[in-house]
Amino acid sequence: KLTGNNTSNYEIVDTNTPANVITSLTSKGTGNINKAKLTIDFGFMDKTYDTKSDVTTSSVTGDQTPIKPILSGFVNNENASFDATATNLITGSYVKWDAANKQWVADPHVNRSGTAVDYKAIGYSGINTAFTNLASRNSVLDNYELTGATNKNASVTTNNNGVAQSVYFSEALQKGKIKPLALVMGDIQATTTTTTKEYDGTNAVKDPTKSLTLYENKTGNNITIPYTLQSATYDNGQVDQTNGQKVGVTYVLDSANPFPAMTLNDFVINSATQQAYQGKTYTGDGIIDPKNIYVELDKTTGIKKEYDNTKDADPDNVKYYDKNGTLLGTGNNTSSIIATRDQGQVALSVKSALFNDENSTIERKDSTSLDKLNITYTVDLDDATGKGNYVLNPAPNPGTTSGQTAQTTTQSSVTNPTTNVTTVTTENTYQATGDIYRRAL
């Protein structure tokens, strides 16, 4: 149809038959109406720690555990909401970011900033499955597709068609929180194992938190509860080695703060319970082993000294080690090996270090070693305490695979007639070879 000024001067005709004037014309074709895009959001969730990452597992009164999906983006006053059937197809989990693998992973633990409980990252999966299920029972959704999250800062995973499959909310988006589980009297139990240490001259228990374990019995998983100790000691002032026999051990919790809030992580302990455990004692068993001292020669061949008309060798070639192969001392520098309480009663020394001849066997210090001379090192452990707290072990240094076993080992005792004190001496000998080079004049 023609419109406008001077339309009388024009007419529309059929190009095939120009004489036919056309008064109206209708054109027909095809077109598409694309589905409108919807986004999804979720309501705030929280629960009390229960060892599980699933958002719905808590049964504690007041916890917000039902998943609450919310659709946005409808037009012309249309609307649809997730029902229970569709919602049950969505899985929600508390998560944390795994930076190494660049992905979210399930995490059931309380998120803390210092001692304060912070928001927890949360993720939902199975979203498209749930949406499809809902659409099968709601014709309004025939004209919609779910493509993203309402919160633009959320992380969305989509399939190849751009349909949302999962959405993750970081801690900063404040969509979830796991609250610490409160522990009260009776929720905290204790167990002990026999603690063993090597004699050190004190009655202190070594690494006491390894032999006293406090745990909760509320979750059913017996989770270890961190604590602080006031003291942990062998009973009756027991200091000396116990010859393999068990003696009592007493553990005393800190008298001010037995359960520091910063270490509790998934739990919270109120002040009344804290006070009830202040200075609380637990008992167990302990053993004190004698202190084993192992000897190793720093060099066993190629030892040289300048001629001095003596057979004396350097005692510092003797090294002392503990059962872990840790160096304790050298030669006659052994005071740190003997406990303070035993100084003056126990002595560890190189009694002698001797070549079997005092004469030179090579020309100069830089001459090739001939190892013509034998060297004997005699190491003595003198113990006047009568306690047997030290052992000069003839075995090789445990820290090496080629250590030297003592050539000979003997034990003798001498009683002082004035003091009636008996000193027990353990004597080990060790062999090496070397040379004496000529003295330059």
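## An aromatic cluster

F42, Y124 and F169 come together in one aromatic cluster. Keep in mind as you look around that this is a predicted model. The structure holds 10 aromatic pairs. One of them joins F42 to Y124: the ring centres are 3.7 Å apart and the planes meet at 5 degrees, so this pair is stacked. F42 belongs to strand β3 (residues 36–42) and Y124 to strand β10 (residues 121–125), so their contact ties together parts that are 82 residues apart in sequence.

Are these two side chains buried or exposed? F42 has a relative accessibility of 1% and counts as buried. Y124, at 1% relative accessibility, also counts as buried.

## A second stacked pair

W104 and Y168 form another stacked aromatic pair, with 6.0 Å from centre to centre and 10 degrees between the planes. W104 is found in strand β7 (residues 103–106), while Y168 is in strand β13 (residues 164–169), so the pair ties together parts that are 64 residues apart in sequence.

## Lysines over rings

F169, a member of the cluster with F42 and Y124, has the charged end of K175 over its ring, 5.5 Å from the centre. Which residue has its charged end over the ring of Y119? That is K177, whose charged end sits 4.5 Å from the centre of the Y119 ring.

In one of them, the side chains of K179 and D63 meet at 2.7 Å, N to O. K179 is in strand β14 (residues 176–179) and D63 is in the loop between β4 (45–48) and β5 (69–72), so this bridge ties together parts that are 116 residues apart in sequence.

Another salt bridge joins K218 and D187, at 3.9 Å from N to O. Here both partners are in loops: K218 between β18 (212–216) and β19 (229–234), and D187 between β15 (181–183) and β16 (188–192), so the pair ties together parts that are 31 residues apart in sequence. K218 is partly exposed at 43% relative accessibility, while D187 is buried, with a relative accessible area of 12%.

## A strand-to-strand bridge and a network

K351 is exposed, with a relative accessible area of 54%.

Finally, a look at the backbone. T51 is not a glycine, yet its phi is positive, at about 75 degrees. You will find T51 in the loop between β4 and β5, and this residue is partly exposed, with a relative accessible area of 21%. The loop between β4 and β5 also holds D63, the partner of K179 in the salt bridge described above.

N236 is another residue other than glycine with a positive phi, near 60 degrees. N236 sits in the loop between β19 and β20 (247–253) and counts as exposed, at 82% relative accessibility.

How values were computed: Residues numbered from 1 in each chain as written. Predicted model: local features only at pLDDT ≥ 70, side-chain atom pairs only at ≥ 80, totals over all residues. Heavy atoms only, no water. Phe/Tyr/Trp six-rings, centres within 6.5 Å; stacked < 30°, edge-to-face > 60°. Helix = DSSP H or I, 4+ residues; strand = E, 2+ residues; numbered from the N terminus. Buried < 20%, exposed > 50% of the residue type's maximum accessible area, 1.4 Å probe, protein only. Lys NZ or Arg CZ within 6 Å of the ring centre and 35° of its normal. Salt bridge = Lys/Arg side-chain N within 4 Å of Asp/Glu carboxyl O.
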